[in-house]
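Subject: Handover of a structure and its findings

Dear colleague,

I am passing a structure on to you, together with an account of what was found in it. Please look at the sequence and the structure first and then read the notes below them.

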Amino acid sequence: MDPRWLLIGWGVLTLIFDFMAVYGVYTSQAGGMVLLLAGAVSLLLVYLLVVYRLDGITFKNTLVDERLSIISGKAQRNSFWFLFLSIWVLAIISNVHRLAPSLAFDVVLPLLGAGTIIIQMLSFLWYKYRV
Amino acid sequence: MDSKVNNKLRLIRRTRDLTQEELGVALGVTRHTILALENRKYEPSIALALKIARFFEMPVEDIFWLEEERQGGV
């Protein structure tokens, strides 16, 4: 299948979602989180378009490319190191300084998750395009 | 880090008048992987090396070799 159809389909879905998000916020039926998600899916679309521009028709081999599978594994390893170390640091800080009750875990844990994902994405891009 | 496996993929590809994209399509990999191979930033798996050799109808060792071999080490 021509990967352009995948991009067109993804683009249409993104536009629909973005429109619904803006409309939802405008009519006060949705919160700011929906706008963040709309931004994220739009960024993903831009990334896919850039990859398509760089890889051309071979874009369709992205999911079966052996090098990308290896890179994906390396990126995952980096992000897990961050996660493990962060959890350990958090555990030590909260025990040594007795901060556990005052730490805002509802903020810290999502930040850890977001950091893990961001490191994984950046590592993947670094390994992929450092040629 | 550069690969210890050297290759003359770029030379062979250009001799056959192929683009990186065309070779990527034929081998089932992305254009960037061809680029990484040609720049010695990636060592292919045995399966991919054999695929490349079969595609160009050449022995694998005519395309890929260990760096030390051509320096007279082996």
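The notes below take up chain B, then chain A, and then some individual residues.

Please keep in mind throughout that this is a predicted model.

Chain B

Chain B contains six helices and two strands. Read from the N terminus, its elements follow the order β-α-α-α-α-α-β-α. The chain has 74 residues, and 42% of them are buried. When contacts in chain B between residues at least 6 apart in sequence are considered, 62% of them join residues at least 24 apart.

The largest nonpolar core comprises 17 residues, and the members that touch the most others are Leu9(B), Leu27(B), Ile52(B), Phe56(B) and Ile63(B). At least two residues of this core are supplied by each of helix 1 (9–15), helix 2 (20–27), helix 3 (31–38) and helix 4 (46–56) of chain B. Helix 4 of chain B gives the largest share, with five residues. What does Leu9(B) touch, leaving aside residues up to four places away in sequence? Its partners are Leu23(B), Leu37(B), Glu38(B), Ile52(B), Phe56(B) and Ile63(B).

Helix 3 of chain B deserves a separate word. This helix is mostly covered, since eight of its eight residues are buried. They are Arg31(B), His32(B), Thr33(B), Ile34(B), Leu35(B), Ala36(B), Leu37(B) and Glu38(B). Charged residues count among these, Arg31(B) and Glu38(B) being included. After helix 3 of chain B comes Arg40(B), with a positive phi near 60 degrees.

Chain A

Two helices of chain A may be described together with what covers them. Helix 3 (66–96) of chain A has 31 residues and spans 45 Å from its first C-alpha to its last, close to the 45 Å expected at 1.5 Å a residue. Its buried residues are Glu66(A), Arg67(A), Leu68(A), Ile71(A), Ala75(A), Ser79(A), Ser86(A), Leu90(A) and Ser94(A). The cover over these residues includes helix 4 of chain A, and also helix 3 and helix 4 of chain B.

Helix 4 of chain A has 25 residues, and the distance from its first C-alpha to its last is 36 Å, close to the 36 Å expected at 1.5 Å a residue. Buried in this helix are Leu112(A), Gly115(A), Thr116(A), Ser123(A), Tyr127(A) and Lys128(A). Helix 2 and helix 3 of chain A, together with helix 3 of chain B, are included in what covers them.

How do helix 2 and helix 4 of chain A lie relative to each other, and at what angle do they cross? The axes of helix 2 (residues 32–55) and helix 4 (residues 105–129) of chain A come within 14 Å and cross at roughly 10 degrees. Angles under 35 degrees count as roughly parallel, and the two helices are therefore roughly parallel to each other. On the side of helix 2 of chain A, the residues that meet helix 4 are Tyr47(A), Val51(A), Leu54(A) and Asp55(A); on the side of helix 4 of chain A, they are Phe124(A), Leu125(A), Lys128(A) and Tyr129(A). The residues of this contact divide into six nonpolar, no polar and two charged.

Individual residues

Two residues of chain B have a positive phi without being glycine. Asp17(B), with phi near 60 degrees, lies in the loop between helix 1 and helix 2 of chain B. Its relative accessible area is 68%, so Asp17(B) is exposed. Arg40(B), with phi of about 60 degrees, is found in the loop between helix 3 and helix 4 of chain B. At 22% relative accessibility, Arg40(B) counts as partly exposed.

In chain A, Ala40(A) belongs to helix 2 and is partly exposed, with a relative accessible area of 41%. Ala40(A) and Lys128(A) are 88 residues apart along the chain, and their C-alpha atoms are separated by 21 Å. Thr27(A) sits in the loop between helix 1 (3–26) and helix 2 of chain A. Thr27(A) is also partly exposed, at a relative accessible area of 29%. From Thr27(A) to Gly113(A) there are 86 residues in sequence and 31 Å in space, C-alpha to C-alpha.

With kind regards

Technical notes
Residues numbered from 1 in each chain as written. Chains lettered and ligands numbered in written order. Predicted model: local features only at pLDDT ≥ 70, side-chain atom pairs only at ≥ 80, totals over all residues. Heavy atoms only, no water. Axes fitted to C-alpha atoms, helices over the stretch in contact; angles between N-to-C directions. Helix = DSSP H or I, 4+ residues; strand = E, 2+ residues; numbered from the N terminus. Parallel < 35°, antiparallel > 145°, perpendicular 65-115°, else oblique. Contact = heavy atoms within 4.5 Å. Core = buried A, V, L, I, M, F, W, Y, C linked by side-chain atoms within 4.5 Å. Buried < 20%, exposed > 50% of the residue type's maximum accessible area, 1.4 Å probe, protein only. Expected span 1.5 Å × (residues − 1).
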